[in-house]
Amino acid sequence: MPRRSLARLYKDEFSGYSFTKFQQDLLAGLTVAAVALPLALAFGVASGSTASAGLVTAIIAGFVIGALAGAPYQISGPTGAMSAVLMLLVQKYGLTGIWVAGLMAGIFLTIIGLLRLGRFIAFIPSPVITGFTSGIALIIFIGQIDNFLGVKTTGADSAALKFIGYFKGGFTPDWHAITLAGIVILTMVLWPVKWNAKFPASLLGIILATVLNAALNWPVKMIGVIPQTLFLADRMNFSMIPWANLGDFVAPALTITALGAIESLLCGAVGSNMTGIRLQANQELIAQGLGNMLIPFFGGVPATAAIARASVGIKSGGQTRLVSIIHAVGLLLSMFVLAPLMARIPLAGLAGVLMVTAWRMNEWEGIRFIFGHRFKTAMITFGITLIATITLDLTQAILVGAFLSGAMFLNNIATLEVEVTEVDAEKLRQRGIENAGQCKHVRVAFLTGPLFFAATGQFNEAFTKLGDTHALILSMRGVPLIDASGLEVIHRLYEKMHKQGSTLMFAGVHENVRTMMERGGLVKLVGEENFFWSSDQAIVEAEKRGCYFCSSSLTLG
């Protein structure tokens, strides 16, 4: 996106900026930092990396992506959806896999933004996104059962298989871990919403669990040392890039790209509804791309815009993108000041945070809408996407979602309605046309819907019995588009009518449909004289030309 576009965003955003607004940004930024701290630590662990990697990701994303974002309310960092993808990636390729795929995803996101393709992300149907989100929520929840129970079970190729594995037994739950996780879960569930704005329930739960564990010195796993540096010891450098096997990372990188773009633009849609400020989608994708290209070199994990953090910033009175930057400063200070305390946070406590977060990730309102109104297609699409997400590789789940998106689109637009009627003389007289409507062999076919490959069967079926038709007028005012298959079936209809001495006429053809007809040679074949503005004009002209069937009946009479 041109620099002046970003400059224009800054100009509009900071026009009339005052100390009062800065105070609002400061308070909102610190509030978001308090919410983001436990989430960053938890998502870092859930990604298969470390709590430190999650914290570094949130800091870099807050500074870089926040500064370049497509709207003032966008706040990015590690997220639950992304951690579900990375969890499987790190099992196969290690941390290097996360970094390489994240770097490639950053490049892809930047290219999508520069090519201004952001609007196409919005074409994914809601049931697909809802099903995918619920599937990812299940992956996160299942992925934290080990930490919740305080055990270490064998890995599995999918979340579904991992979950089934728990019923086979072979482990002994640790009641210490369950107690600590339970404290966090109860705190997050029971803490009043109005209090949550002043002190995040997740942070309170983590504090309570950590204090209890420290006081009783229970034998549970903890986060461990938090390095007091932005440059982690385990981080990417160019020598790590497996140039010979780079193709292996294209599919996971595309998954991260799709997920990052969808989450960021969904976050923007929510923020736009709350503030009335429109998200600049392509600028947002460029910001996400540049941020994710940098993060691996600090040792972080891929980031995306987070609805939870952005909404907290908005509700806390945030005015500009300084909220994101201030939240990053707050997290950076916590790294240096609170590192010894964060090191003692039990993993079971983080598991509690993630389990509640996974539950809340589900788009319950959308699910109730789909199932409450019994939209069968949407219900099936939701179910298939959810099952694919928890049973297949997430790259395959994305492909299944894309296929379902296309199938739903075709299902929704493939209906072509064709109503063939004889001329109604009375209606013509009401419109001021007195001398028409006498011929019973002129028929008008009103077409509604796109005439493309998926609708040609309906078109052909409507004209199987033309009988004694002298002139057939295709009223195409309700046809917004036509493709080569549509042109072909009209061509065959013309040939069929031409052989029996009948005429094919057109009325109300849209300009883009007319252009396709010209390119396909149909206008030249049928003749300019058979195209009319309205079906009334076509009816009058058809009767003027005389009718073979009417003439025959007069002769016989």
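Strands β6 and β7 run parallel and are joined by two bridges. Two strands are said to pair if DSSP finds at least two bridges between them, and strands (E, at least two residues) and helices (H or I, at least four) are DSSP runs numbered from the N terminus. The bridge partner of A507 in β7 is F532. The structure is a predicted model, in which local features need pLDDT of at least 70 and side-chain atom pairs count only at pLDDT 80 or more, while totals for chains, interfaces and linings use all residues. Residues are numbered from 1 along each chain as its sequence is written, and side-chain values use heavy atoms, with hydrogens and water left out.

The pair β6 and β7 belongs to an open sheet of five strands, arranged in the order β3-β4-β5-β6-β7 with mixed pairing. At the edges stand β3 (417-422) and β7 (531-532); each has a single partner strand, so one side of each is left without a neighbour in the sheet. Strands of a sheet pair through backbone hydrogen bonds, either parallel or antiparallel. The antiparallel sense is found between β3 and β4, which pair over six bridges. Here E419 has F446 in β4 as its bridge partner.

From β4 the reader may move on to β5. Strand β4 (residues 442-448) runs parallel to β5, and six bridges join the two. Within this pairing, T448 stands opposite G478 of β5.

Strand β5 (residues 471-478) is mostly covered, with six of its eight residues buried. Buried means under 20% relative accessible area, exposed means over 50%, and partly exposed lies in between (1.4 Å probe, protein chains only). On to β6 (residues 503-507), β5 is joined by five bridges, and these two strands run parallel.

Helix α22 lies across β5 and β6 and runs at about 140° to β6. Such angles run from 0 to 180 degrees between N-to-C directions, with axes fitted as lines to C-alpha atoms, for helices over the stretch in contact; contact means heavy atoms within 4.5 Å.

The final topic is the nonpolar cores. A nonpolar core is a set of buried Ala, Val, Leu, Ile, Met, Phe, Trp, Tyr and Cys residues joined through side-chain atoms within 4.5 Å. The largest has 98 residues, of which L41 and L55 touch the most other members. Helix α4 (residues 80-114) supplies the largest share of this core, 15 residues. A second, separate core has 29 residues, including L472, V479, M497 and V513.
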